[in-house]
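We will walk from one selection to the next and look around at each stop.

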Amino acid sequence: MKNIISGDEDSFYNYISEGCRICQMGAKMVLFVTGVCGRNCYYCPLSEERKEDTVYANETIVYSDKDITNEVLQMNALGTGITGGEPLYKPERTIYYISLLKSEFGESHHIHLYTSIAVDKDTLTRLKNAGLDEIRFHPPQEIWDTLDRSQFPDSFKNAMNIGLDAGIEIPAIENAEYIAEFIQNTDGFLNLNELEFTDTNSNELKKQSYSLRNDTSNAASNSRELAKNLAENYQNTSIHFCSSSYKDAVQFKRRLIRTAEKTARPFDDITEDGTVVYGLIENTKLENTINMLKEFEVPEDMYEINNTDIEIAWWILEDTADKLKNTGCNTTIIERYPLKNGLIVETIPV
């Protein structure tokens, strides 16, 4: 019998895989290999723009190997989660990227992969040889009650026999007990994700009679309760429940903080949420404005010239804003995600 441990933001577990442990630290890069997928799961949260055959490293579109390695470096990632779409619709691409990551960052760079395919032994062996550490199967819901008569048990067993950590990852929805029962008889693990409403799946979820848990969450009602019941009824099963709020409030925030700590400029102020705050001077005659900053004795590492604008420490901007505005400049404090072309969270005129 395994004790259930309560985590942050309504998450809970009695076992955490190595891939999840690193995710909890915010230290996993997400490598989205392709948006192509042969399944049509009604709960799929994938946005329309991601349903193309495009590669993303976190939020960055990948045009070259360097885009991937740079993303690892800028967030100081300890591992990578490979997802899609269906990554194994592009097996050669997926295997290539696994090899690339291991060659660049070493064997300790942990890599896990999601797939909805019952992978054959030869492909599993190639993935393992390339450097894959952990595989998470996602059988289609329509076969959960007959899983033992599908190809997934053989694929699961083969994965474990060749040394991969193996589990099943599904949303916490009806019939998940069949998966819990299957996992209970293996040395694998079960990851349950709280069902979420998104722009692309909300109509289908409503057709399935799901509703929002409350007015402040995207989580579906009763999904967490179902996961809790499974954990209580299958106490010998290795289970990890990841709540909707945990992914946003904890996991994503920690990734932002890691990225900010690695990439922030000397004048960027990192917030407790992992965003960066700085000042912006616009509509400026650069030479005149730079001379003013020198007159104010602003250290050169406290500002950066960006085309015709200047980015600067927000506290310095506050002290000098009135004089700068007298020369026709616009002065604003910016808060944004510490990512390439990161989302601007707030702008405050000064």
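Two strands pair if DSSP finds at least two bridges between them. Helices (H or I, at least four residues) and strands (E, at least two) are DSSP runs, numbered from the N terminus. The model is predicted: local features need pLDDT of at least 70 and side-chain atom pairs count only at pLDDT 80 or more, while totals for chains, interfaces and linings use all residues. Residues are numbered from 1 along each chain as its sequence is written, and side-chain values use heavy atoms, with hydrogens and water left out.

**First stop: a hairpin.** Strands β14 (303-306) and β15 (309-312) run antiparallel, joined by four bridges. Look across from Y303 and you will find I312 in β15. Two residues lie between the strands of this hairpin, and N307 in the turn has a positive phi of about 60 degrees.

**Next: the open sheet.** Follow its eleven strands in the order β1-β2-β11-β10-β9-β8-β7-β6-β3-β4-β5, with mixed pairing. β1 (5-6) and β5 stand at the edges with a single partner strand each, so one side of each has no neighbour in the sheet. Now zoom in on β7 (110-115) and β8 (134-137), a parallel pair with four bridges. L113 has I135 in β8 as its bridge partner.

**Last stop: helix α2.** Just past the helix, select N76, which takes a positive phi of about 55 degrees.
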